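Please open the model in your viewer and keep the selection tool at hand. The tour below goes from one selection to the next and says what is there.

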Amino acid sequence: LPKSAAGGERYRLNDGALRPRTKEATKIAGKFAERVASGVTGTLSTEAAAALRVEGVPKEVVDSLRVAREQGYDANIVVIGRKTDTTAFKGKPNHEVLDVPNHEWSEDLNNTWASVAIARRAPVRLASQLAGNMWDVIDNRPTVFAVEHQQLMNAGYKRVGDYLLPPSK
Amino acid sequence: MNQYDGFDIDIEKLKASNNPGAGKLPIPSALDEMVARVARRFVEIGPEERSKLSSLFTDQHSLTLVAFARRMASYAVRTGSSEKLLEGLAALVLDGGKFDSRENITVMAPLYDAALKIDANAQALFSQAADLLKNEVSEALRTFPSRSEESKSLACMHYVESEDADGFIYEKIW
């Protein structure tokens, strides 16, 4: 895997990650990756790590983020879940929410974004409970949240409380 | 049973958890008829009443309304009825994304595709629905027709055209 997901098309996806089905989603995901990556620089400072701990982020998660940054990945704590729940994390330091205008969002882009998180070895915050939010009982299909969660699990992520951590290298 | 301006809605019956597997029933189902009645009412009443009607619904009803919208896209293709499309679009706005607006956005692709198939004015229908109530979903509806062809395609939202025993359907793939 390359060190950065910036550029979109240039990164390779981990096993289990979904590839965009359309050129449009690939293009938008590429622009998105560049935009979010541009806000991240260098390693996680001691102060930033302490601030995350004060906010209740578990030590394993902070360590995971620190390791990803030390390995050169443009990683933040990626927040997934129902949009009604992820909104609360917008603008939180060292957190990242998929925040694209409604006219750009597609399921294809969403899957690509999860793949970007995997490629960047980003720890993930579950903003919504899994129970009751993963399965559309009417249509017998997984919800959008369930699909992004499953991508991460397929890539080897492990659950720690309300977080998912990437597999060890 | 909830009374709304002389209009009875069995809001409990419309919860997704009370209708497991209903999305796969032949179209139109009894549940479709119930939701269609609410959607038509939602279109007919004034802005203030629409807001009140929408507030009766919670995230527990969202996936019922989203499934209805998808089913109406299929039904519109079978019948050539743009009214069915408007009912589907209205159901999305009625919900307003209370569970997750992304679920609402995905189903806009089959609704748009259906409008093209039956030679309905997609732009006008989407705008009419978007004007019903201001919320995140209506904003997404308003801009949907002006997306690039690819980003409003069925493929982009993971839908395919298929058939069941009664004819054409839009099917979600995952």
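Begin by selecting B:Y112, B:F126 and B:F144, which in this predicted model form one aromatic cluster. Rings of Phe, Tyr and Trp (its six-membered ring) pair if their centres lie within 6.5 Å, planes under 30 degrees apart counting as stacked, over 60 as edge-to-face and the rest as tilted. Across all chains, a search of the whole structure finds four aromatic pairs. The centres of B:Y112 and B:F126 are 5.9 Å apart with the planes at 80°, so this pair is edge-to-face. B:Y112 sits in helix 6 (residues 108–117) of chain B and B:F126 in helix 7 (residues 122–130) of chain B, 14 residues apart; helices here are DSSP runs (H or I, at least four residues) and strands likewise (E, at least two), numbered from the N terminus.

Now move to chain A and select helix 2 (residues 46–54), where A:A48, A:A49 and A:L52 are buried. On the other side of helix 2 of chain A, A:T46, A:E47 and A:V54 are exposed.

Residues are numbered from 1 along each chain as its sequence is written, and chains are lettered from A and ligands numbered from 1 in the order in which they are written. Local features need pLDDT of at least 70, side-chain atom pairs count only at pLDDT 80 or more, and totals for chains, interfaces and linings use all residues, while side-chain values use heavy atoms, with hydrogens and water left out.

Notes
Buried < 20%, exposed > 50% of the residue type's maximum accessible area, 1.4 Å probe, protein only.
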